[in-house]
Amino acid sequence: MKKILTILSISFLIISCGQDGSKSVDKIIEDGNLQALRAKRTEIVTQQQEVANQLKQLDEAIASLDTIKKLPLVTTITAKDTLFNHYLELQGNVETKQNIVLYPEMGGVLTRVYVKEGQKVVKGQLLARIDDGGLSQQLSQVEVQTELAKTTFDRQKRLWEQKIGSEIQYLQAKTTFEAQQNAVNQIKRQLAKTTINAPFSGVIDDVITEQGSVVSPGQNAIIRIVNLNNMYIETEVPERYIPSVTVGKDVEVYFPVLGKTINTKIRQVGNYINPNNRSFMVEVGIPANEGTVKPNLTAKVKINDYTNEKAILIPQSILSENSEGDQYTYVTSGKDAQNIAEAKRVIVKTGKTQGDFIEILNGINTGDAVISEGARSVKDGQKVKILN
């Protein structure tokens, strides 16, 4: 009521001065007295300044009594402990140690291919054969000669045991037999090179050279065989992560082409640091039942390199930085029944980030009300209106 009476009194004063002033001014102007005109002008300016000062005092009084309308509006989040898993994001490729191309060990005509693409084979199974160039016939002849040499040696051995005959005859028979055995074994090794066998169980991925083609050792690829039961992802990890990236760590693998995610673990960590990019190799196992995953497929690898079971996380967007490089945000305290509280600036020490959130190591405690929306528009010690 007192404020209203004051405002009405000032308004009346302004109106009165305006009316009286208008008559006086008109009369002075009619008189044409320059000195009187200047005196009147000085009087009006003085009155104007007094009115302006009184209006300013009224505005300050109103602002002190009616603070809610001018308080910054903010929302807050309550800081609390939560499980925080940080992931190191890398890119890797699917590999398999059992993905090889078979080449011939002997030149000649590829006389027979016993398998087709997509066929499952077992270790040691005959896959293809190359013309032996008469080696099989030569083997038969040498085996006959070997059998004769064995018979001669056996008889000569019995005679020598009975002290019949000379020692030189016994040694000659023995040497001839052993030489024939070596010849048989050598031809068999040569014949083994005319066949191509599966080095491990797997699937025929590609028949590269057609039956009837002439092939040369180490030059013409014959068959590709793949085993998808022992695949893994290989990725390079920067050396600074050596303490945190270890065998058994949880890994999340995403295949963009397949739109598929699998959870697995690190199965092997390399012991060699590449001097070119200062990184080491890591192998991540792939479950055997993942039939859609193929060698050389690109994968996004997320390795769990850090875990904090009682971490305080806040959005990165509410952090600011001062001129000294310190990061800070605002918390509220002393909230009353009208949700009016005081904003307090706190310097924080941050840890790792994940997505839109950042770990707070120091400066904010569990239960603190941290200003989220409106954090960049408040000042330290300012009163704020909490909306939530």
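Which charged end sits over the ring of W160? The charged end of K163 does, 5.9 Å from the ring centre. To count as sitting over a ring, NZ of Lys or CZ of Arg has to be within 6 Å of the ring centre and within 35 degrees of the ring normal. A second case is R345, whose charged end sits over the ring of Y328 at 5.1 Å from the centre.

A word on the ground rules. This is a predicted model, so local features need pLDDT of at least 70 and side-chain atom pairs count only at pLDDT 80 or more, while totals for chains, interfaces and linings use all residues. Residues are numbered from 1 along each chain as its sequence is written, and side-chain values use heavy atoms, with hydrogens and water left out.

On overall shape, the C-alpha atoms of the protein chain fill a box of roughly 170 × 45 × 35 Å along the principal axes. The radius of gyration is 48 Å, whereas a compact globule of 388 residues would come in near 21 Å; the figure is taken over C-alpha atoms, and the globule rule is 2.2 Å times the number of residues to the power 0.38. The chain holds 4 helices and 22 strands, which are DSSP runs numbered from the N terminus (helices are H or I, at least four residues; strands are E, at least two). Of the 388 residues, 30% count as buried, where buried means under 20% relative accessible area, exposed over 50% and partly exposed in between, using a 1.4 Å probe and protein chains only. Among contacts with a separation of 6 or more, 72% come from residues 24 or more positions apart, a contact being heavy atoms within 4.5 Å.

Next, the sheet. Strands of a sheet pair through backbone hydrogen bonds, either parallel or antiparallel. Here 4 strands make an open sheet in the order 4-11-9-6, with antiparallel pairing; two strands pair if DSSP finds at least two bridges between them. Strand 4 (99-102) and strand 6 (120-121) are the edge strands, each pairing on one side only. Strand 6 pairs with strand 9 (residues 202-207) over 2 bridges in the antiparallel sense, and V121 has G202 of strand 9 as its bridge partner.

Now for the charges. The model has 7 salt bridges, each defined as a side-chain nitrogen of Lys or Arg within 4 Å of a carboxyl oxygen of Asp or Glu. One of them joins K40 and E43, with the closest N and O atoms 3.6 Å apart. Both residues lie in helix 2 (residues 34-65), 3 residues apart, about one turn of the helix. K40 is buried at 15% relative accessible area, whereas E43 is partly exposed at 38%. Helix 3 (residues 135-161) holds K150 and D154, 4 residues apart and again about one turn of the helix. Their side chains meet in a salt bridge of 3.2 Å, N to O. K150 is partly exposed at 34%, and D154 is partly exposed at 27%.

E252 and K302 also form a salt bridge, with the closest N and O atoms 3.8 Å apart. This pair links distant parts of the chain, 50 residues apart: E252 sits in strand 13 (residues 250-255) and K302 in strand 16 (residues 298-315). E252 is partly exposed at 28% relative accessibility, and K302 is partly exposed at 25%. Elsewhere, K97, R267 and E283 are linked in a network of salt bridges.

That leaves the aromatic rings. A pair of aromatic rings is described by the distance of the centres and the angle of the planes. The whole structure contains 5 aromatic pairs; rings of Phe, Tyr and Trp (its six-membered ring) pair if their centres lie within 6.5 Å, with planes under 30 degrees apart called stacked, over 60 edge-to-face and the rest tilted. F84 and Y306 make an edge-to-face pair, 6.1 Å centre to centre with 70° between the planes. Those two come from distant parts of the chain, 222 residues apart, with F84 in strand 3 (residues 81-96) and Y306 in strand 16. F84 is buried at 4%, while Y306 is partly exposed at 25%. Y328 and Y330 are also edge-to-face, at 5.9 Å and 90°, and both are buried. Y328 is the ring under the charged end of R345.
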